[in-house]
Amino acid sequence: MIRILGSRLLQLILVVIGIGTLLFFLVRVSGDPALAIAGSDATAENIASIRQSLGLDRSILEQYLSFLQNLCTLNFGESYTYLLPAMPLILAALPNTLYLSFVAFLLAIVIAVPAGIYAAVKRNSFSGKAVMSISMLGQSIPPFVIGIFLILVFSVWLRWLPSFGNEAGLSIIMPSVALSAVLMARYTRLIRAYFLEELNRGYVRTGKSLGFTNARIWFKHILRNISVPMLSLIGIDLGKFVGGAVIVEAVFAWPGIGSLMINAVKARDYPLLEAGVFAIAVMVVLLNLIVDLLYLYIDPRIRAKVN
Amino acid sequence: MTRHMKMKNKFLGVFLSSCLAVSVVGAFNAAPSSAATTVATVGGKCTTLLVQDYVNGNALVCATNSNGTKVWTKYFTGGAGGTITIGIGALPATLEAYAASAPPRSYVVAAIYSGLTRVDLSTGTPILMPNAADSWAQEKGRPDVWVFNIIKGKEFPNGEPMNADAVKASLDYVMNPKNNAGLRAKVLDITKIEVASEYQVKITTSAPRYLLPRTLSTIPILPPKLFAEQGAVTFWKTPIGTGPFKATSFTPGVQLTLEANPYSLRVKPSATKIIFKVIPEDSSRMAALRSGGVDVVTKVPTDSISILKSANFDIKSIVEPATYIMSLMAKSGALSDKRVRQAFNYAVDKQALIDGINGGLGQVAEAQLIPKGLTGFCNSVTAFPYDLAKANDLMKAAGIPKKSLNLTFQSSTAYITNDVLMAQAISQMLEKLDAVNSVKVEVLEFSKYLDVYYLRGAIPRKDLFAWRMSSSPDLDALVQMERYTTGYPTSNIGYSNRNYDVAINAAAALDVKSTARTSRLCKAAAILKEDAPILWGIHTPDIWAGNKALERLTVDAGGNIDLVSIGNK
């Protein structure tokens, strides 16, 4: 266990340094933030002075070494646009993103698992095919389109739900549905496919012959067996999920790190971008670590190997 | 409110709305721009319809009474307008007062702080009104010295007095290059600021600058001791000022709440609270209005207008004080011949850009850099008409062979209203010229686009470069026309004309109201049209929408919503 944690920690450090380095050079080739900060009224002297105050007049190597040094102390400097330390800005917005991601993910799992099982066991019925058609639809429509559709129906026409922000408890409903839709559809289809495969296995026939109920076979045995490949997929999807959250946050004006990152890209706010990407990278690596630990819990074979 | 009063207000509203449609040409000349102002009183005579004056906390508007006389009339009761929520595409990341002067920062700056003067654009023409200064005038025999008399007996929320010292400290801060104030470019001509008395300040410029009182409307006066103690960065986090509102909460990128400021210098606003909610996505912002989440929205996309109208929302459209132009690379190649540049101007159907892309909103730009109504506009210099035959003749006369030109058109994306669509349409129009083989549209992400504009990146300026030439906040032709003088840092299109430079420099030293200035600006405008280093496009529309329960939802010619007057019925 300690070895796994240690290797994941090492992986985290390497990933963060790798992503940080890539980001450092990418944002710097994208242009000069002094221009974005100075605005259209500024003089050339203003722009030069801003570059100097931001340390952008130093050589790229000097800037990179200083960036690595700051990375070690988690000090990303002050946001160029907000004039506040970048990391606290990200940390202030992070709970909103985590809240949205968590609710959306939970929603995807809670709906996809029964829907997938239903579609597998009722595969030849109309309702089973309908579930598959709906999931195909969910997978085909981008989250922002689903978001706009939800706003139109539930905010504009019915006026049941707030269309933007995170003020009331109800604010979470539409963004989380929009964000989870693709994942929900994908997992429904995958769970159905895995489930169908497992239904033909020997242990299922044995269970049936022993008189186990369907519910016991499905939920206690099949579901546990398909959890391992599903967990692998979830681990891969987590990164994409955060990317989707950025778009959904923009549609619903959700005050998470997605909105901050979009503004940071527009303004070439290097410190904010670096802090944001760092936070996302850490988040994804940690979630993958949790997935790895769940493997141990679910699959006794892996547990035995580790022990 | 009694029925009689409601009728009266309704009448006033209808009257004012109908007046708004008519631009009062020449109103600027009648305005108190450089002389001591008289204090407006209810029932007292006024000169320019629709102009608002703020006196002892009340907002007065110049309206016609039953006798047909123009008199100051009470516009609204302060504090009766309730809470207004505005859905906005973007807000500044800080509440900094000295960063820039264009919307959306100008909404915030004008709400929280006070400059020496205030520019009233209710008539469509800039009219200077008092703000921190009660009056101002040039010193006798010294056109390079302006004397401002500061309002007496007013203080900042922390108890510091509003006086000449505060004015000097604020201007000194902006002028100091170490402070990197974005607005420093506006005050480069100031050479000396003297505190003549507690309530009088003298400002000297390097040459006579008649626009100075107008320019100073954009430079807020701050409490000097607090600002010095806290430092700029801390002060901008919880700023205080003497504007009509105070910022009570601000979450960058999310929300700004303004509440009526008891320390407002001149007026108690109608609304008690104004909440700006940042909703960057256009469709989400429109949905927020339709769902009742917000009362007003900015930047309505043209394709949403009919939907909002049919849902019974009020649409307010103004022509921005900005011109969509394309700088033509005159340095070398075919475009160094002015006949080719003129041909390009004839080949573009500007009205089609308005009708086909901007929903019929906006205005064809005359061959000038400002819209009609602003000072320095020249009636005699008109737009190039759409005339493809004449354009082809000019190209032939310039000796450009058929299908020989392959051009590149650099455009921003989502910076100017419908910028990419307009770039594509214009490139197709230019491709109709016999001599043009192709016009490739190069869409630049905003930061790259700025690099090209400032000539700092790896991408050079190409044949056509689209730009939004904003006249805000000066609302005068001169500032924009100076950009085409020889050696102006960001022009770099190879254009230079000595006669143009002479005319512009002469105009800069003349009184805004003088006919000599107008005549020099007209001469310069005619030269610019003849040389055509620009392909003139249109004045873009700025569209707002609000619900019908609002009163006095107005957007001025500078693109600023009237936050002081807006309220709920």
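Analyst: F25(A) counts as partly exposed because its relative accessibility is 37%, and that label lies between buried (under 20% relative accessible area) and exposed (over 50%), with a 1.4 Å probe and protein chains only. F25(A) lies in helix α1 (residues 2-29) of chain A; helices are DSSP runs of H or I with at least four residues, strands are E runs of at least two, and both are numbered from the N terminus. This is a predicted model, in which local features need pLDDT of at least 70 and side-chain atom pairs count only at pLDDT 80 or more, while totals for chains, interfaces and linings use all residues. Residues are numbered from 1 along each chain as its sequence is written, chains are lettered from A and ligands numbered from 1 in the order written, and side-chain values use heavy atoms, without hydrogens and water.

User: How do you know that the length of helix α13 of chain B agrees with its number of residues?

Analyst: The expected span is 1.5 Å times one less than the number of residues. For the 12 residues of α13(B) (residues 419-430) this gives 16 Å, and the end C-alpha atoms are 16 Å apart, so the two agree. Among the buried residues of α13(B) are D419(B), M422(B) and L430(B).

User: What makes the radius of gyration of chain B agree with a compact globule?

Analyst: The rule is 2.2 Å times the number of residues to the power 0.38, and the radius is taken over C-alpha atoms. With 569 residues the rule gives a value near 25 Å; chain B has 24 Å, so it agrees. Of these 569 residues, 56% count as buried. Chain B has 17 helices and 22 strands.
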